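Dear colleague,

I am handing over the structure we spoke about, with the sequence alongside. Please look it over first; my notes on what was found follow below.

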Amino acid sequence: MKYSQNIGKLMHKLLSELFPINRSITGKGVRDTLSIISREIPIKTTKIKSKSKVFDWTIPDEWNVTEAKICTSSGEVVVDFLDNNLYLMSYSTSVDSSMSLSDLKKHIITDKSRPNWVPYSTSYYEDNWAFCLPYNFVKKLNDDNYQVKIEATKKSGHLEYAEAFINNNAKKEILISSYICHPSMANDSLSGVVLSVQLFKEISKLKNLNYNYRFLFAPETIGTISFLYNNKKTIKKSIEFGLVATCIGDKGKFTYKKTRNGICNIDRVINHIFNGRNDCNPILDFSPLGSDERQYCSPGFDLPVGVLTRSIFGKFKEYHTSADNLEFVKDEYLKVSLDLYLEIVKIYEANCIFYRKEPHCEPQMGKYDLYRTIGGGGEDNINELSQQRMWILNYADNETDLLEISQKSGFDVLTLKHASEALVENKLIFKKI
Amino acid sequence: MKYSQNIGKLMHKLLSELFPINRSITGKGVRDTLSIISREIPIKTTKIKSKSKVFDWTIPDEWNVTEAKICTSSGEVVVDFLDNNLYLMSYSTSVDSSMSLSDLKKHIITDKSRPNWVPYSTSYYEDNWAFCLPYNFVKKLNDDNYQVKIEATKKSGHLEYAEAFINNNAKKEILISSYICHPSMANDSLSGVVLSVQLFKEISKLKNLNYNYRFLFAPETIGTISFLYNNKKTIKKSIEFGLVATCIGDKGKFTYKKTRNGICNIDRVINHIFNGRNDCNPILDFSPLGSDERQYCSPGFDLPVGVLTRSIFGKFKEYHTSADNLEFVKDEYLKVSLDLYLEIVKIYEANCIFYRKEPHCEPQMGKYDLYRTIGGGGEDNINELSQQRMWILNYADNETDLLEISQKSGFDVLTLKHASEALVENKLIFKKI
Amino acid sequence: MKYSQNIGKLMHKLLSELFPINRSITGKGVRDTLSIISREIPIKTTKIKSKSKVFDWTIPDEWNVTEAKICTSSGEVVVDFLDNNLYLMSYSTSVDSSMSLSDLKKHIITDKSRPNWVPYSTSYYEDNWAFCLPYNFVKKLNDDNYQVKIEATKKSGHLEYAEAFINNNAKKEILISSYICHPSMANDSLSGVVLSVQLFKEISKLKNLNYNYRFLFAPETIGTISFLYNNKKTIKKSIEFGLVATCIGDKGKFTYKKTRNGICNIDRVINHIFNGRNDCNPILDFSPLGSDERQYCSPGFDLPVGVLTRSIFGKFKEYHTSADNLEFVKDEYLKVSLDLYLEIVKIYEANCIFYRKEPHCEPQMGKYDLYRTIGGGGEDNINELSQQRMWILNYADNETDLLEISQKSGFDVLTLKHASEALVENKLIFKKI
């Protein structure tokens, strides 16, 4: 099996290793996750103390849990957190008590619309406890005096996030942002993490890149807010564009949600690529409902960050349930997603603006061996390479980039880039820096 | 019967009282009309002497008429102005003469396309006399020596217009402009007058308004030109927007004709409202043919004034004939029209721009009791109120107004305004002034 | 036969006289062509020495040819350049040699897709020789030892182009550009030349023009580059707009290819005209593939120059073959094309911006005898001339030109121009200069 065929499998294997960990926005699950990632690629971890202020927010205490069970009066274990860490609402407090079914139900969260799946729930900022269970399972529970036991701690500690960085000595950087706070769900959160890890490896192999690359692995919302808080003075200047990577391993068509501005270069590049494919949904406008783009695109930052998923969060039925599992995400979907991210990188890197030192009239192409020497026959008879060069020479005006030339001419960006090389070598055009 | 159900009746009653008066651009008819209006709402009347210059125009002499008749040679009265003041062309000069039918016909105006109705005609600025009669009636007149008698005067006097003003101590004002120069026609001219009177009463009851309100009752064209002449130095600065109110009592769908600029806030507000209704015609671009918007939108003023009618002038068959009568205008149409004008006022008043003192990232909504504390479930599970607040917080950027947020989010302006209140109270957003 | 009916015949007659000449980018053919043109209209010829540098290009040596033949071994002449000067590739070098059919074929150019026609070919900048022959003709050539004779010279001399100028003492000029380098083809190149000649005559008769007119007759590409080189310091300032005139005598619908900028006044004028006709193709965006617009619209110049053809170059099957002949171009097509160019000139000349010294409210039109004095009846009853004047008066705002008023009002530019005249005479509006 070739390496390239193998990549999807490698990504899925990493995902399977990460899947069982009980992650939340702080605690051991985050550390275990970062430890596995650090085995794959070099990362730098940042810790922020509990109770620290990050903008309007306060970092919560660390939450760790060792046990969470419901037993019948006869001692039978009917729910055990060790079977599925979604059973316990994230940040649940300790409890050790017996109670009637009706009292227990005040602490049970179900989703009647998806009755056989465990729903995912959290209560990060208010003390509370709950079990999350399939609606049909709860329906069958007998009236009984249940013994409920949760062993959990909330203690001062740290919130942690990590960055991997590819330094190409560039002035600006591209950010790929994924989140590491979700417990056992495969597509939401984890698919973005394994895509980021593999993308880091692939981009590291590329030469002559114009941008640095930063990969952020942070708890959603509070982690990203912490990252932004720590970089608030520089990020507006340093970022070229960013993408939130999540929900990228299912079979759905690709979905792009634009930056808040909507007309950034990353929006143009992805629009260019989506127009040439048939596995993409219509592009969505920005909205302040969603994932970490809510923070990147808050009015004080308004960064050029979009979201690139397959089925977008909230819009597939397995979302935020136990059905978002290792079968829902497949090797081949991960692989095609990785290829798309790489294509974006390559086209973004290829895009540039040219200018000419002698911009009057066409150059005499024959002199440079860049044109057929037997003329006549008209436009249709000029070979495509010559046509591409004519387009580039005419729009080597210090203003028009290859993306726009692509739109005008119908030739794609990488083809135009290739056609430009001989023009650059002959000093007929120069790259605007 | 409730007050609100009663409003249409009240409006129609006032209209019926105004209908029989023989109005023109000057004279007793105008004074009688303003006298009735002054009984309803407080107005301030402005007089301009005949022969005064207002821009390129000269105020004409006052015209008053006491008698206008056509009798047969045997003394039978066949046409009497007292039966319908449309019979006499406005500003007709005196005549007392007998003449053949063919000579009389040189002074008869008919409308063959609407053969049973009296057409409306005027000759304000050139001495002339004429009777306006149904085409079918004139066809049946026998050859005879007719006695024609018109007792009319054109003497130096005044042109008069009146203003009602609601002072909310605001910097800018909203203008509702109607005209009082048309004789017995109900939809054209008068429906706008009674709508203005009632709108004055309704707006007077509203609290915490951001604008002052001015209601102009003026003879069309020359009266409005006089008003503009008297306010030429201030109106460009003081006016927030204006609407010409006329033809607003028939059963036709609503018609909005945009301001000359076409993208003023009033255009945006009405577009927003029309999009949510099914009783509206497609919005029309400005044209310099029409009513008093011709003056407001002349290039020297170019004011943000639109026209809001039901069937627009010139586009319903009863227009400018005796068929534009008290049956053509109905209570319920007047009432719904009033409601629409009030809705415009409310949405215009509600629209505003917010900003945040800490615009980085989202605020921690839980702290302010503004968000469900149990998370998860994604975008679809966030209740609508939370979604509205997210939209407002993201676009509290000192640039985007509620109208634009409404367009982006799909939530309507008044709903968003309501959702913003708790954010304002918690000092999470501030209103740009 | 009236003169106007005769014009098409005159144009075709001139075309027939020019057709047989063996033109190329230099040499006797060019001089003979200019000599005939100079008999029709006054031209000024500019000569540039061989080897001169014009921007990136070098003027080639003059090419002249006296004989070009292929004979069989038995002495039979199978191809003679005197029969059709397309038989010889332009700028072929001398040869006098016998060779096998297979060796000869290395110097034969055919076009299999148009097998019965002679294709047109050139090799201006590389020494080479070739015959251009119908594919079906070549297929039938017997194996033989052919005697090939070309008597041609490439010697230092001149490249020549000519200009005709109509001086209206204006600040800016309009350029009509045609090319004179193609041998016996009628639609491509020559139809543009005869249209230019006749257009010169017609425009010379017009009075009170706002622009000067320049007609360029130059070898395509290198000639136009030479013209631009000689005028590089002034042309950007002096040119109002330009049109490349070619392929304008066939039966195809009209085709307009926009300026590089795409929103110049000439683009707006032609869009206006095309919208009112049914013999026009959809307007094309600029592309850097085509004729002399490639030079005019190179980034260093970026002049407001479009291309107006019937079937555009490269898009009709006779293009660049012997089938582009005197039958392919017809009198009546030439005549309608001339009319279209003249209409463009007239509308462009008519277009202007007005302003008012008293821009507040409407003028009192009755005072100037410019309005019906009996009012009423509304918008529909205002006659069209009054409506046109209302449009002009409202948009006499020192910003809006007649073209835009035309678009807003639906009245065409020349009608509006006519309606404006009385307003100008009455000093109600003034032309912005």
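**Helix packing in chain A**

In this model, which is a predicted one, helix α12 (residues 402-409) of chain A and helix α13 (residues 413-425) of chain A have axes that come within 9 Å of each other and cross at roughly 110 degrees. Because angles of 65 to 115 degrees count as roughly perpendicular, α12(A) is to be described as roughly perpendicular to α13(A). On the side of α12(A), the contact is formed by A:Leu402, A:Leu403, A:Ile405 and A:Ser406, while α13(A) contributes A:Val413, A:Leu416 and A:Lys417. Sorted by class, the residues of this contact comprise five nonpolar, one polar and one charged.

**A sheet in chain A**

Chain A also holds an open sheet of four strands, which are arranged in the order β5-β4-β9-β6 and pair in antiparallel fashion. Its edges are formed by β5 (77-80) and β6 (95-100) of chain A, each of which pairs on one side only. Neighbouring strands in the sheet are turned against each other by 15 degrees on average, if direction is ignored. Looking at one pairing in detail, strand β4 (residues 62-71) of chain A runs antiparallel to β5(A) and is joined to it by three bridges, and A:Ile70 is the residue that stands opposite A:Val79 in β5(A).

**A buried helix in chain B**

In chain B, helix α12 (residues 384-394) has as its buried residues B:Gln388, B:Arg389, B:Met390, B:Trp391, B:Ile392, B:Leu393 and B:Asn394.

**How the chains are arranged**

Chain A is superposed on chain B, with an RMSD of 0.0 Å, by a rotation of 120 degrees with 0.0 Å of shift along its axis. The two copies are therefore related as by a three-fold rotation axis. Within chain A, the C-alpha nearest that axis belongs to A:Ile263, at 13 Å from it.

As for the contact between chains C and B, 24 residues of chain C touch 26 residues of chain B. Helix α11 (residues 384-394) of chain C supplies the largest share of chain C's side, with four residues. That side of chain C is made up of eight nonpolar, 10 polar and six charged residues.

With best regards

Terms used: Residues are numbered from 1 along each chain as its sequence is written. Chains are lettered from A and ligands numbered from 1 in the order in which they are written. This is a predicted model: local features need pLDDT of at least 70, side-chain atom pairs count only at pLDDT 80 or more; totals for chains, interfaces and linings use all residues. Copies are superposed by least squares on the C-alpha atoms of residues with pLDDT of at least 70 in both. Two residues are in contact if their C-beta atoms, placed from the backbone, lie within 7 Å. Helices (H or I, at least four residues) and strands (E, at least two) are DSSP runs, numbered from the N terminus. Ala, Val, Leu, Ile, Met, Phe, Trp, Tyr, Cys and Pro count as nonpolar, Asp, Glu, Lys and Arg as charged, and the others, Gly among them, as polar. A residue is buried if 20 or more other C-beta atoms lie within 10 Å of its own, exposed if 12 or fewer, and partly exposed in between; C-beta atoms are placed from the backbone. Two strands pair if DSSP finds at least two bridges between them. Axes are lines fitted to C-alpha atoms, for helices over the stretch in contact, and angles run from 0 to 180 degrees between N-to-C directions. Angles under 35 degrees count as roughly parallel, over 145 as roughly antiparallel, 65 to 115 as roughly perpendicular and the rest as oblique.
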